[in-house]
Amino acid sequence: MNEEKAIKILLVDDEEGYVSVLAKRLIRRNFVVKTALSGSEAVRILRNETFDVAVLDLKMEDMDGLEVLKVFKAMEPRMPVIFLTGQGSETDAREGIELGACDYLVKPCNLSELIERITAARKRC
Amino acid sequence: MEDRHYYKSLTRNMAITMIMVSITPLVLIAGLIGYYFETAYREKVLAHLQELVEKHQQNINAFLDEKLSYIKVLADSYSVEQLTDEAFLENKLIILQNAYSGIFVDLGIVDSTGVQIAYAGNLKLEKADYSGAEWFRKAQKQDYFVSDVFLGLRKTPHFIVSVKKRRGENEWLLRATIDFLAFNSLVENLRIGKTGSALIINSAGEYQTRPGMEPLPEMASLLKRTSWTRAAPVEGAHAATSQPAGFKTISSGSLALSGIVASRGREFIYILMPLKGGEWTLAYQQDTADAFSELNSARTLALTILFSGVLGIVFMAFFMSRKVVLRIEKVDQEKDLMNEQVLEAGKLASVGELAAGIAHEINNPVAIMAEEAGWMEDLLEDMHIEESEDFEEFRRSLKQITVQGERCKEITHKLLSFARRTDPVHHDIQVNDTIEEILGIFDQRSKFSNIRIQSELDPALPLVSASPSELQQVFINLINNAIDAMGSGGGLLEIRSRLEADQAVIDIADTGHGIPNTVMARIFEPFFTTKPVGKGTGLGLSICYGIVRKLGGTITVNSAVGLGTTFRISLPVHTGDVTRTGS
């Protein structure tokens with residue numbers, strides 16, 4: 001991983017506590033991480049920067065994850081998006097895959113698995 | 001108690017219907033057949049009796065005619081000189097007595113002055129003077145004459161048959177005395193059944209035969225009121241010019257009257273026929289109980305059969321109804337049990353739905369805790385804890401884990417307080433507390449759905465007797481539906497409670513899409529749902545309905561498409577009790 005260029009991730013989730021600790025752990029593993037606490041904030045960030053992968057929470061207060069996905073696809077069609085979803089919302093996540101998301105993970109998830117999916121998504125999608 | 005009454009009246013109604021349906025035609029048919037049979041049978045018996053009496057009438061008339069004709073032959077065959085010869089007359093009497101075994105008692109020739117000029121017989125009546133006798137006066141006026149029965153000179157009942165002969169200026173009578181007993185036996189022969197007998201009476205009401213029966217006191221006057229006149233077109237027939245009330249004319253060839261007379265609590269059949277040119281009346285009398293004895297026994301038998309049939313029907317009707325109702329009762333009980341099971345199943349379904357929702361909410365804090373824990377592990381890898389600049393970071397991270405753990409605890413606590421096994425025992429509950437408890441559960445969900453919850457609870461609301469878990473279920477179902485109805489677009493959920501006419505009234509109003517009229521009629525039906533497959537069981541509202549009704553309350557709905565829906569629950573309260581209980 002070290003030989004490669006650090007992967008730049010956009011982490012979108014309205015749970016601040018979750019985003020901050022996850023970002024710290026990913027940074028520690030040499031990822032470049034930018035966080036957004038809402039869909040609209042994520043869209044704003046994406047206007048100025050590009051990312052290798054976006055990790056997107058499905059349920060957020062201001063904008064639904066699926067809506068954010070549509071905007072992302074319009075702005076950065078080639079950026080892979082991975083959904084993070086709660087238990088019991090797998091149906092929505094599968095809907096997200098149909099709309100062009102790359103993968104989904106059920107919260108709470110193992111960090112190593114998340115990293116694995118991020119790496120894979122970058123290559124696959 | 002009410003059920004027992006219901007099943008009892010159901011049994012009674014079924015039995016009465018069965019009895020009426022079975023017995024009515026039975027009784028009608030029995031009555032109709034009985035009536036026509038009795039009428040026909042009575043007519044047949046009367047006709048038969050009349051025929052018998054008529055035969056006797058003919059016999060008696062023939063007897064009288066025959067005896068008269070013998071005397072006539074005697075008078076025509078011999079001269080008055082021959083007949084006044086007592087030895088000759090004696091000889092003729094012996095011939096007649098031999099031929100007719102003592103019917104003729106004696107013979108005599110009476111001249112126009114009433115003196116018997118010749119006599120043959122045992123009574124020594126030679127030279128007897130009949131000038132003052134009534135029969136003589138009547139006989140002088142007719143060529144042929146049959147007298148009434150009288151005692152006369154011999155002081156025994158007898159009657160006289162006479163023929164008037166004329167030679168020149170002189171008239172004389174050949175008379176014969178007819179034995180009363182021989183004549184009487186003709187009438188006495190007419191005995192039918194135990195009480196049927198006949199007698200002859202003249203127009204003056206005097207018996208012409210020994211009455212073979214005990215005559216009714218009314219009989220003499222009854223017969224006196226009957227008189228016959230020779231006026232009918234058929235020769236020998238007579239019309240009754242007067243007849244007792246209730247008697248009717250039988251017109252079958254010869255003339256007769258028949259009727260039924262009640263006396264001393266009994267009924268008697270009377271048949272009256274004219275004799276001797278209407279001067280006498282042949283009267284036949286029979287007790288109806290005797291005459292119609294076979295009819296009576298047939299009627300008794302028929303009534304016995306009818307009565308046992310009716311008893312059988314009544315018994316079977318009650319027996320069958322009881323059996324059917326017992327079966328219905330059993331089926332009802334099974335149905336009630338099934339309803340309870342459906343209620344229980346629905347309850348479990350809503351618990352499951354809720355649990356899934358809450359698990360979803362728990363995900364975030366749990367995820368954070370997991371990540372924080374992971375972060376701590378990351379830091380521990382470097383292991384210079386005490387002096388480390390990361391020491392503060394440890395403290396913060398640990399605090400975060402604690403905080404998020406508390407969050408989890410709170411959510412799971414609420415979940416568990418709902419999912420408690422249903423307690424069928426009713427407690428006095430403060431509805432407001434239950435509502436507040438439930439609203440806490442929906443806090444997260446409403447926030448995500450952009451729904452504002454407003455509650456306006458009357459603090460003076462009296463207590464309600466209900467099962468806490470059942471009441472919770474009612475509110476959870478209604479609030480769930482309200483949130484679903486408003487969808488992701490959000491809206492306002494208002495919950496109000498107040499006291500209204502001894503009822504605790506709770507309104508749950510949403511600003512959702514409303515219920516269309518086509519659906520309104522079915523919303524409380526079990527398994528009816530408008531939610532997509534897998535999203536709803538269709539049991540929520542029917543369970544609410546069942547629970548509220550069980551508590552003696554009502555649940556109504558008011559909805560306008562596009563504006564929202566309000567469910568109103570009214571529950572009976574403990575009157576005068578306004579204390580609050582701690583939840």
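**A sheet and its helices in chain B**

B:Ser455 has B:Ile495 as its bridge partner in β16(B). The model is predicted, so to speak of local features requires pLDDT of at least 70 and side-chain atom pairs count only at pLDDT 80 or more, while totals for chains, interfaces and linings use all residues. Residues are numbered from 1 along each chain as its sequence is written, and chains are lettered from A and ligands numbered from 1 in the order in which they are written.

β14(B) and β16(B), residues 491-500, run parallel and share seven bridges; strands count as paired if DSSP finds at least two bridges between them. Helices (H or I, at least four residues) and strands (E, at least two) are DSSP runs, numbered from the N terminus. The open sheet has five strands in the order β14-β16-β17-β19-β18, with mixed pairing. Its edges are β14 (451-457) and β18 (554-560), each pairing on one side only. From one strand to the next, the twist averages 15°.

Across β14, β16 and β17 (503-510) lies helix α10 (residues 431-441), at about 165° to β14(B). Angles run from 0 to 180 degrees between N-to-C directions, and axes are lines fitted to C-alpha atoms, for helices over the stretch in contact.

Now turn to a helix pair: α12 (residues 468-486) and α14 (residues 540-550) of chain B pack at about 145°, their axes 9 Å apart. Among the residues making this contact are B:Asn477 of α12(B) and B:Ile543 of α14(B); contact means that C-beta atoms, placed from the backbone, lie within 7 Å.

Terms used: Contact = placed C-beta atoms within 7 Å.
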